[in-house]
Amino acid sequence: MVQPLSRLLRPRSIAVIGGGAWCANVIEQCRKIGFAGPVWPVHPTKAEIAGVGTFPSIEALPDAPDAAFIGVNRHVTIEAMRLLSQLGAGGAVCFASGFRESVSETGDGHEFEPALVEAAGEMRILGPNCYGFLNLLDGAALWPDQHGGLRADRGVAVVTQSSNLALNLTMQMRGLPLAYVVTVGNQAQTGMAEIAGALLEDDRVTALGLHMEGVGDLARFEAMATRASDLGKPVV
């Protein structure tokens, strides 16, 4: 059975796979936003990342994380996805590019996305080629960059295919409280309509904003919009 999206989007534990600046930013943003659960960096050689002690491998983690940020290249990403799935993790943000979006440029992206989805098994994937998400209600930030989001008790959820647009939307100063900001990237496994539907089910979400480059699964999108109407939550 596929893991529920709520486990990924409302995690109680987070693993960060990789040792670059992007991964250090995820740890720092979790600290800044006040994430209450454990954050477990994974790196085979570095003793610590952003001041937090590391685990040498995914297999060495003390438990299966609810969510993971995978900040390594696409080849290593696929293997990390497989190991996390075998461990029983809830889901992962796939930050790497070089998948389907690069086919027209390099001609070699065809095989990588199917391999990524196969490796994930029952585990949820956001991306690849995306920044991840901010949960400003519960204080979870699988987000490798700066942002302007502030903790909130309730607010709107924004789902976008563009990580750059998402980052800029967190900087808005119109007094609109943000509950979630989620980037979807290539949507290799989990599409925008399904993610949006999961966010609508959070009672603390009051409205939904979408930035779309295509509808994709029309029937699922229609079902999501119908559910939003039933819940009395506007979709923009």
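Ala140 belongs to strand 9, which spans residues 140–142; helices (H or I, at least four residues) and strands (E, at least two) are DSSP runs, numbered from the N terminus. The model is predicted, so local features need pLDDT of at least 70 and side-chain atom pairs count only at pLDDT 80 or more, whereas totals for chains, interfaces and linings use all residues. Residues are numbered from 1 along each chain as its sequence is written, and side-chain values use heavy atoms, with hydrogens and water left out.

**Ala140 and its surroundings**
- Ala140 is buried, with a relative accessible area of 1% (buried: under 20% relative accessible area; exposed: over 50%; partly exposed: in between; 1.4 Å probe, protein chains only).
- Not counting residues up to four places away in sequence, Ala140 touches Pro11, Ile14, Ile33, Phe35, Phe133, Leu134 and Asn135, where contact means heavy atoms within 4.5 Å.

- An open sheet of 5 strands has the order 9-8-11-10-12, with mixed pairing; two strands pair if DSSP finds at least two bridges between them.
- Strand 9 and strand 12 (205–211) are at the edges with a single partner strand each, so one side of each has no neighbour in the sheet.
- Strand 10 (residues 155–160) pairs with strand 11 (residues 178–183) in the parallel sense over 5 bridges.
- Val159 stands opposite Val182 in strand 11.
- Helix 2 packs on the sheet, touching strand 8 (133–135) and strand 9, and its direction makes about 165 degrees with that of strand 9 (axes are lines fitted to C-alpha atoms, for helices over the stretch in contact; angles run from 0 to 180 degrees between N-to-C directions).

**Aromatic pairs**
- The count comes to 5 aromatic pairs, with rings of Phe, Tyr and Trp (its six-membered ring) pairing if their centres lie within 6.5 Å; planes under 30 degrees apart count as stacked, over 60 as edge-to-face and the rest as tilted.
- Trp22 and Phe95 form a tilted pair, at 5.1 Å centre to centre and 55 degrees between the planes.
- Trp22 lies in helix 2 (residues 21–33) and Phe95 in the loop between strand 6 (91–94) and helix 4 (103–106), so this pair ties together parts 73 residues apart in sequence.
- Trp22 is partly exposed at 39% relative accessibility, while Phe95 is buried at 17%.

**Helix 5**
- The buried residues of helix 5 (residues 112–120) are Phe112, Glu113, Leu116, Ala119 and Ala120.
- These buried residues pack against helix 3 (74–87), strand 6 and strand 7 (124–126).
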